[in-house]
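Visitor: Hello! I am new to this structure and would like to learn how to read it. Could you walk me through some of its features?

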Amino acid sequence: MKLWGGRFCEQTDEQADHFHSSLSFDKRLYKQDIKGSMAHAEMLGKQGIIPKSDSDLIVKTLGEILADIESGKLAINNTAEDIHSFAESELIARIGDPGRRLHTGRSRNDQVALDMRMYVKDEIDEICKVLASLLEALLSSAKNHTRTIMPGFTHLQKAQPVTLAHHLLAYFQMFKRDYERLCDCLKRTDEMPLGSGALASTSYPIDRYFIKDKLGFADITANSLDAVSDRDFCIEFVSCLSLIMMHLSRFCEELILWSTDAFDFIEISDAYSTGSSIMPQKKNPDMAELIRGKTGRIYGSLMGLLTMMKGLPLTYNKDMQEDKEAVFDAADTAKSCLSVFCGMLKNLKFKTGNMYKSALGGYTNATDVADWLVKKGLTFREAHEITGKLVLYAIDRQLPINELTLDEIKSLSNVFDKTLYDAISVEACVKARNIPGGSAEDAVLKAIEKAEDFLQKKHFSSHQRGL
């Protein structure tokens, strides 16, 4: 029997009933739903809204139902309309009339809003833990490569020499922002909506702050209409995941390129690669490619949520049932991608000799030639033009600038002298950029120190990481 069946004379059409049901996917909210009901029931007894003996029995039995589900003793069948109906029906089946008091002062509208907020809070905590592992892996690799020189790129063309540590720390900053965004998203998710009723709150003297404290929320929602119709926190959460996936995808794109014969900067572990069914020599970066592909899947979830909500009047509308699968799938996908990527990164082999050799080509020291001329008194535009001609001269002779004779170099400007050669080695080019945020070893070491401070003191407390 439907919990709302009193108003209806006919049975729901079988196809419509199946179409309407959400149990197949919202059953994963069983823990949040039962814990929320336990807090609600305890509050009802405390406030004298229902007998304390009934309240105690409800809380005790709900705890038993939760334990039975988690042990596998109780299976969530597909006959109920949703997880809320299943839990309440099971409660009534076990204790009879006292179980029918549970829904006093509550609607499924504020109940599902509570469940989703609790779920998103839990997922933020889990994803932050995986992000923590990734940030630690990036920092560990960066520490090992503060002197590993490689080419930096713009437009996928060699641009200037940098260190591998500096490159890795760029991704550290991206994922650090992702972590901070999730923490910020948590602030707006961490509001307890129960007590909002279907839309207009309730006439019962409930204690919303008691439930808030019992369930570990920071605050209560401020407006009942908004509380039951708000899914901003879901959209913001999936938006945060979309940015995480964008950063993972960019990193994966580089790893895919770097693993090719054309670059040959890295070797991805066999544990994170696959082969070809026809070409015996192939070693394919399938995990990186899959992560890159799954980014679009999470973008799709975000667009689905935004589109679902864009035309809905206040307050609750059944369209909002579509929030769950999008949020669930996005969270599952992001966690699996982060975990696989973290393992792949930890087992990555960097071919530092090839990186260094590549940095020597492509005239990556040209900017430093121009800077050297500026330090000799030329304007930057003059220096840029002279250096451009010098690069063209070197290209014609298929030689790096360092291998041109001094006479050849001086033919383009008498300002040049032999001190130029020491100033434009790739080591000197990297070392010269010793400003905060720069690629010089000293600057990178300071960046590593700040990154360690972030990990250890500011954001990765034992409470936040669940340790």
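Guide: Gladly. Keep in mind that this is a predicted model. Let us begin on the surface: Leu199, Leu225 and Leu314 make a nonpolar patch of about 270 Å² there.

Visitor: Where is Leu314 placed, and is Leu314 buried or exposed?

Guide: Leu314 sits in the loop between helix H11 (286–309) and helix H12 (323–346). A residue is called exposed when its relative accessible area is over 50%. Leu314 has 63%, so it is exposed.

Visitor: And how do I read the opposite case? Is Ser37 buried or exposed?

Guide: Here the cut-off for buried is under 20% relative accessible area. Ser37 has a relative accessibility of 2%, so it counts as buried. You will find Ser37 in helix H3 (residues 30–46). Setting aside residues up to four places away in sequence, Ser37 touches Leu62, Leu102, Arg106 and Gln111.

Visitor: Which residues touch the most other members of the largest nonpolar core?

Guide: They are Phe237, Leu248, Trp258 and Phe341, in a core of 112 residues. Helix H6 (residues 108–143) gives the largest share of this core, with 17 residues. Another core, of 18 residues, lies apart from it and includes Ala366, Ile401, Leu404 and Leu420.

Visitor: What is Trp258 in contact with, beyond its neighbours within four places in sequence?

Guide: Among its contacts are Met150, Leu164, His167, Phe263, Phe350 and Met355.

Visitor: What should I look for at the start of H8, and what follows the helix?

Guide: At the start of H8, look at the side chain of Asp207: one of its oxygens comes to within 3.1 Å of the backbone nitrogen of Tyr209. After H8 comes Gly216, with a positive phi near 75°.

Visitor: One last stop. Where does Val112 lie, and what is Val112 in contact with?

Guide: Val112 lies in helix H6. With a relative accessibility of 6%, Val112 counts as buried. Leaving aside neighbours within four places in sequence, Val112 is in contact with His84, Arg231 and Lys324.

Terms used
Residues are numbered from 1 along each chain as its sequence is written. This is a predicted model: local features need pLDDT of at least 70, side-chain atom pairs count only at pLDDT 80 or more; totals for chains, interfaces and linings use all residues. Side-chain values use heavy atoms; hydrogens and water are left out. Patches are made of residues with over 30% relative accessible area and no salt bridge: like charges are joined within 9 Å, nonpolar side chains (Val, Leu, Ile, Met, Phe, Trp, Tyr) within 5 Å. Accessible areas come from the Shrake-Rupley method with a 1.4 Å probe; for residues, only the protein chains shown count as cover. A salt bridge is a side-chain nitrogen of Lys or Arg within 4 Å of a carboxyl oxygen of Asp or Glu. Helices (H or I, at least four residues) and strands (E, at least two) are DSSP runs, numbered from the N terminus. Buried means under 20% relative accessible area, exposed over 50%, partly exposed in between (1.4 Å probe, protein chains only). Contact means heavy atoms within 4.5 Å. A nonpolar core is a set of buried Ala, Val, Leu, Ile, Met, Phe, Trp, Tyr and Cys residues joined through side-chain atoms within 4.5 Å. A polar contact is a pair of N or O atoms within 3.5 Å; within protein, one must be able to donate a hydrogen and the other to accept it, and residues adjacent in sequence count only if both atoms are side-chain atoms.
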